[in-house]
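Here are my notes on this model, point by point. Please read them with the structure open.

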Amino acid sequence: MNETASLLTVAVVVAALVIRTAVAEMRHPGSARARWALASGTRAVTAGAVAAVALGLVGWRYFGYGAVAWAVLAGALVAGVVDRRPPEG
């Protein structure tokens with residue numbers, strides 16, 4: 001896969017995540033703030049940054065810009081997983 005196609009694929013995935021958040025916000029106001037609260041959690045941000053840097057360094061060396069874009073997306077997803085809290089109740 002060439003770099004342009006890879007970057008376009010990452011852009012589509014990010015757009016889908018943003019649209020999903022926007023639709024949820026329209027249905028339940030305030031849900032976007034709760035969903036993206038991970039950006040203020042130091043543990044989640046640190047885990048995401050470490051994953052993104054590690055994958056980005058390896059990917060850049062072998063695959064170029066496209067791999068770095070995927071590494072950043074993977075870092076964001078890792079931060080989301082690390083931030084998950086058990087359901088209250």
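1. Buried residues account for 25% of the 89 residues in the protein chain. Keep in mind that this is a predicted model. The accessible surface of the chain is about 6,600 Å². Carbon and sulfur atoms hold 69% of that surface.

2. The protein chain contains four helices and zero strands. Along the sequence the pattern reads α-α-α-α.

3. Of the contacts in the protein chain between residues at least 6 apart in sequence, 58% link residues at least 24 apart.

4. Helix 3 covers residues 42-63. Glycine 64 follows helix 3, and its phi is positive, near 85°.

5. Which residues of helix 3 are buried? They are Ala44, Gly48, Ala51, Ala52, Gly56 and Gly59. These buried residues pack against helix 4 (65-83).

6. Take alanine 51, which sits in helix 3. Is alanine 51 buried or exposed? Its relative accessible area is 17%. The cut-off for buried is under 20%, so alanine 51 counts as buried.

7. What does alanine 51 touch, leaving aside residues up to four places away in sequence? Its partners are Gly75 and Val78. The C-alpha atoms of alanine 51 and alanine 76 are separated by 8.8 Å. Along the chain, alanine 51 and alanine 76 are 25 residues apart.

Technical notes. Residues are numbered from 1 along each chain as its sequence is written. This is a predicted model: local features need pLDDT of at least 70, side-chain atom pairs count only at pLDDT 80 or more; totals for chains, interfaces and linings use all residues. Side-chain values use heavy atoms; hydrogens and water are left out. Helices (H or I, at least four residues) and strands (E, at least two) are DSSP runs, numbered from the N terminus. Buried means under 20% relative accessible area, exposed over 50%, partly exposed in between (1.4 Å probe, protein chains only). Contact means heavy atoms within 4.5 Å. Accessible areas come from the Shrake-Rupley method with a 1.4 Å probe; for residues, only the protein chains shown count as cover.
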